[in-house]
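Subject: Structure handover

Hello,

Please look through it below before reading my notes.

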Amino acid sequence: MSSDIDMPYIEFIDRVVTNIRTSLELNGILINLCDDKSFKIGGLVTSFILNIKERDKVLCMNAGYYRCPHCYIYGTPFKKCLKFPPSTLTDVYARMNTSFRVDVTIAEDEYGRPMRGLCGKSPLLKLDYFDPTRMVPVEVMHTFDLGIVPYYMRAWMGKLASLQDGPKPEWVLSTDQQKTLQERIRNVQLPHGFTRKLDLNDFESWKADSMFFLEF
Ligand SMILES: [Zn+2]
């Protein structure tokens with residue numbers, strides 16, 4: 001296993017998974033209905049609401065270029081941080097449960113070298129029905145704040161590579177519209193302590209929290 005993995009945490013998750021498999025799956029869960037009828041269900045649908053750090057830890061993902069358990073979007077270094085804007089909205093391939101598990105096997109075989117963001121085997125993969133590509137929430141910061149939002153910003157500002165030649169589509173903001181937008185952004189009352197300047201001309205270097213404000 002890679003040194004990226006938090007072993008005490010993984011051992012704890014492993015104990016949880018063992019309990020799920022031994023007590024819940026073998027003995028089932030007894031559901032009592034109001035008319036004295038009852039039935040047992042055998043499996044347990046597992047869904048985790050996690051922040052990014054917890055999600056990375058529980059799925060044994062590292063903080064590298066591949067940050068999304070749902071797809072293979074790849075981070076691009078920009079001013080000391082990673083950005084995740086897709087160059088088009090169709091060039092990001094979805095991960096599948098099977099390919100996720102294959103990547104984990106390769107990561108383990110490669111002496112702990114991460115494979116597409118995966119460093120080792122999460123105990124949750126012992127649950128056959130657990131699908132890591134569907135049972136964890138989308139991670140908002142990298143996929144939305146640093147992914148889709150800058151992508152649309154680039155499109156509205158006419159900076160997509162595909163817009164460099166030929167006439168601009170009508171949804172590209174004119175110079176006047178950009179000025180108006182900048183004025184509105186300047187008038188947004190930001191929380192106390194938020195000191196970043198939201199300069200529209202420099203939106204490529206905005207951090208995730210700046211993009212987050214723009215979404216409102
Ligand atoms: Zn994704």
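The notes below go from the whole chain to single residues.

This is a predicted model; local features are reported only at pLDDT of at least 70 and side-chain atom pairs only at pLDDT 80 or more, while totals for chains, interfaces and linings use all residues. Residues are numbered from 1 along each chain as its sequence is written.

Overall

pLDDT is the predictor's confidence in each residue, from 0 to 100. The chain has a mean pLDDT of 81, and 84% of its residues reach 70 or more. Confidence is lowest in strand E2 (residues 38-41), with a mean of 66, and highest in H3, at 92.

There are six helices and four strands in the chain. Helices (H or I, at least four residues) and strands (E, at least two) are DSSP runs, numbered from the N terminus. Along the sequence they follow the pattern α-β-β-α-β-β-α-α-α-α.

A residue counts as buried if 20 or more other C-beta atoms lie within 10 Å of its own, as exposed if 12 or fewer do, and as partly exposed in between, with C-beta atoms placed from the backbone. Of the 216 residues in the chain, 16% are buried. Two residues are in contact if their C-beta atoms, placed from the backbone, lie within 7 Å. Among contacts with a separation of 6 or more, 59% are between residues 24 or more positions apart.

Cores

A nonpolar core is a set of buried Ala, Val, Leu, Ile, Met, Phe, Trp, Tyr and Cys residues joined through C-beta atoms within 7 Å. The largest one has 12 residues, including Val-58, Cys-60, Phe-100, Leu-118 and Val-136. Helix H2 (52-59) and helix H3 (97-109) are the elements that give two or more residues to this core. H3 gives the most, with three residues. Apart from this core lies another, of eight residues, among them Phe-84, Leu-146, Val-149 and Met-211.

Helix H3

The 13 residues of H3 should span 18 Å at 1.5 Å a residue, and the end C-alpha atoms are 19 Å apart, which agrees. The expected span is 1.5 Å times one less than the number of residues in the helix. An α-helix has 3.6 residues a turn, so residues three or four places apart point the same way.

Helix H4

H4 (residues 140-156) bends by about 25° at Pro-150, where the bend is the angle between axes fitted to the seven residues ending there and the seven starting there. Pro-150 is itself one of the buried residues of H4, together with Asp-145, Leu-146, Gly-147 and Val-149. These buried residues pack against strand E4 (81-83) and helix H6 (208-214). Just after H4, Gly-158 has a positive phi of about 70°.

Loop residues

Most residues other than glycine have a negative phi. Cys-60, in the loop between H2 and E3, has a positive phi near 60°. Cys-60 is buried, because 28 other C-beta atoms lie within 10 Å. Arg-116 is not a glycine either and has a positive phi of about 45°. Arg-116 lies in the loop between H3 and H4 and is partly exposed, with 18 other C-beta atoms within 10 Å.

Cys-71 is in the loop between H2 and strand E3 (76-78). With 16 other C-beta atoms within 10 Å, Cys-71 is partly exposed. Leaving aside neighbours within four places in sequence, Cys-71 is in contact with Val-92, Tyr-93, Ala-94 and Arg-95.

Helix H5

Leu-181 lies in helix H5 (residues 175-187). Leu-181 touches Leu-173 and Leu-200, not counting residues up to four places away in sequence. The C-alpha atoms of Leu-181 and Leu-200, which are 19 residues apart along the chain, are separated by 8.2 Å.

Regards
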